[in-house]
Amino acid sequence: SHLFTINDDGEVEDNDTYSKVEKVLWGEATDNNQANDVEVVCEAIKWNAVLVTNDGDSKSQPAGILGNREQLYQSFGVQIYRPEEAVQFVQNKIAERDKFNAEVAALTGQPVPAWAGQD
């Protein structure tokens, strides 16, 4: 399936971030799919969101979003993952949370919350 963005201000193409992301991804977007990729990345930057995608970084499309994720992270701080990487990221965050809760419980003498380790 495809994701299309709805911009709340309607002027994404004039945005400085849009121009910078477009330059990283394509130099200049040549079709609607490339323009949409730029908008998707801009929305992730705008909302400080983790972007999960399979777009790019393949033999048929070596550039695209995934192929440029390091540069996008360095330039804009946006985290971009493949779906399986996103699952691992969330599992790691849950494990960190549960470890922290166990440490707090050990220090305070309180039980570990019943929901810990249930995700």
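Buried means under 20% relative accessible area, exposed means over 50%, and partly exposed lies in between (1.4 Å probe, protein chains only). The model is predicted: local features need pLDDT of at least 70, side-chain atom pairs count only at pLDDT 80 or more, and totals for chains, interfaces and linings use all residues. Residues are numbered from 1 along each chain as its sequence is written, and side-chain values use heavy atoms, with hydrogens and water left out.

**Exercise 1. Describe how helix α1 packs against helix α4.**

Step 1. Locate the helices. Helices are DSSP runs (H or I, at least four residues), numbered from the N terminus. Helix α1 covers residues 16-25, and helix α4 covers residues 69-76.

Step 2. Take the axes. These are lines fitted to C-alpha atoms over the stretch in contact, with angles from 0 to 180 degrees between N-to-C directions. The two axes come within 10 Å and cross at roughly 150°. That makes α1 roughly antiparallel to α4 (angles over 145 degrees).

Step 3. Find the hand. The crossing of α1 and α4 is right-handed: the near helix is turned clockwise from the far one by less than a right angle.

Step 4. List the contacts (heavy atoms within 4.5 Å). From α1 come T17, K20, V21, V24 and L25; from α4 come Q71, L72 and F76. By class, this contact has 5 nonpolar, 2 polar and 1 charged residues. Here Ala, Val, Leu, Ile, Met, Phe, Trp, Tyr, Cys and Pro count as nonpolar, Asp, Glu, Lys and Arg as charged, and the others, Gly among them, as polar.

**Exercise 2. Examine the salt bridge between D16 and K20.**

Step 1. Apply the rule: a side-chain nitrogen of Lys or Arg lies within 4 Å of a carboxyl oxygen of Asp or Glu. The count by this rule is 6 salt bridges. For D16 and K20, the N to O distance is 3.0 Å.

Step 2. Check the spacing. D16 and K20 are 4 residues apart in helix α1, so about one helical turn separates them.

Step 3. Check accessibility. D16 is partly exposed at 47%. K20 is partly exposed at 45%.

**Exercise 3. Which parts of the chain does the pair R69 and E85 link?**

Step 1. Confirm the pair. R69 and E85 form a salt bridge, with their closest N and O atoms 2.6 Å apart.

Step 2. Place the residues. R69 is in helix α4 and E85 in helix α5 (residues 83-108), 16 residues apart; the pair links distant parts of the chain.

Step 3. Compare accessibility with the cut-offs. R69 counts as buried at 18%. E85 counts as partly exposed at 24%.

Notes. Helices (H or I, at least four residues) and strands (E, at least two) are DSSP runs, numbered from the N terminus. Angles under 35 degrees count as roughly parallel, over 145 as roughly antiparallel, 65 to 115 as roughly perpendicular and the rest as oblique.
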